[in-house]
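Trainee: Could you help me learn to read a protein model?
Mentor: Gladly; let's look at it together.

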Amino acid sequence: MQTLGRAQRCVHQAFSRLLSTSASRMNQIPVAYWFEDQCILVDKDDKVIGEEGKAACHTVSPDGNLLLHRAFSVFLFNSKGDLLLQKRASTKVTYPDHYTNTCCSHPLSTIPEEMIEKDALGIRNAAQRRLQIELGVPPEQAKPEDMVWLTRIHYMDRGDGKFGEHEIDYILFLQKDVDVDPNPDEVSEVKYVKRKELNSFLNSLNDPVTPWFDLIAKNQLPTWWDNLNQLHKFYDHKTIHRYV
C-alpha cells in the first residue's frame with residue numbers, strides 16, 4: 001500500500017511538535033504507540049488510498065489541513081438503555097480531558113482483520129479491540145456480530161492547532177451489559193447517562209466535549225437512542241454525512 005509524500009512530511013512535523021509539549025506530559029505519552037499505529041487513509045468517498053502513522057494523521061499542517069482517515073465511534077448502551085460515556089485521560093495527545101462517547105478510535109492497516117470491507121467487519125473488529133484496551137471490556141462481551149453499523153460521518157476539527165481530527169467516522173451501536181475496567185492511560189472517568197438526562201449532563205460539564213460526539217449528540221443521536229429496539233430502520237450505509 002503506497003503512502004503519500006505529504007503524509008511523510010507530516011510525520012516529521014508531528015515529531016517536532018510533540019517534542020515541544022511540556023516535559024511532564026511528554027513523559028506520560030506512549031510515544032511508540034502514537035507513531036507506530038498505522039491508520040487507513042481514505043478519499044472523501046471512503047476509498048482506501050494509503051496508510052500513515054497516527055501522528056501524521058492527526059497533525060495540523062501549516063495550511064490548516066489534516067489527512068483524511070478512517071475511524072469509528074462506539075455507543076454502548078446497557079440493558080436499561082443508558083449510554084456509557086467516558087472522559088479522555090489528561091495524557092491523551094488529542095482532546096485530553098474531553099468527554100466523549102463510549103469509545104472512539106481507528107482500524108489499523110497493519111491488522112488484516114481490520115481491513116475487511118464487507119459489512120464494515122474490519123471496523124467492528126477494531127472496535128472490539130479498542131473497547132478492551134480503553135475500557136477493559138472482555139472481547140466475548142463485545143462481539144463484532146453484536147455491533148450495529150448505522151452510518152458514516154465526515155468531519156474535521158483542528159483541535160488545539162497542533163493536533164486535530166479529519167475522519168470518515170463509522171457509527172457503531174452496541175446494547176449489552178458489560179464489565180468495565182477503564183485503562184487510566186486512556187480514560188479518567190466513565191458514567192452511564194439516561195436518555196432524558198443527556199442534555200442536562202452535557203450542559204453541566206466543566207470540561208469540553210469532543211467535536212465528533214458534539215456533532216452526533218446534536219444531530220442523529222436522539223433519534224437513534226429513541227429507537228434502540230428498531231435500529232434497522234435507520235441503517236444508511238450509502239450516505240456519508242458531511243460536517244466539513
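Predicted model: local features only at pLDDT ≥ 70, side-chain atom pairs only at ≥ 80, totals over all residues.

Mentor: Residues are numbered from 1 along each chain as its sequence is written, and side-chain values use heavy atoms, with hydrogens and water left out.

Trainee: Is L135 buried or exposed?
Mentor: Buried means under 20% relative accessible area, exposed over 50%, and partly exposed in between (1.4 Å probe, protein chains only). L135 has a relative accessible area of 0%, so L135 is buried. This residue is found in helix α5, residues 121–135; helices are DSSP runs (H or I, at least four residues), numbered from the N terminus.

Trainee: Which residues does L135 touch?
Mentor: Contact means heavy atoms within 4.5 Å. Not counting residues up to four places away in sequence, L135 touches L84, T102, R130, D179, V180, D181, P182, V187 and V190. For P182, 47 residues apart from L135 along the chain, the C-alpha atoms are separated by 4.0 Å.

Trainee: What about the largest nonpolar core?
Mentor: A nonpolar core is a set of buried Ala, Val, Leu, Ile, Met, Phe, Trp, Tyr and Cys residues joined through side-chain atoms within 4.5 Å. The largest one has 27 residues, and F75, F173, L198, F213 and L221 have the most contacts inside it. A second, separate core of 25 residues includes L84, C103, A120 and I168.

Trainee: Which residues is L198 in contact with?
Mentor: Leaving aside neighbours within four places in sequence, L198 contacts L85, V193, F213, L221 and W225.

Terms used. Helix = DSSP H or I, 4+ residues; strand = E, 2+ residues; numbered from the N terminus.
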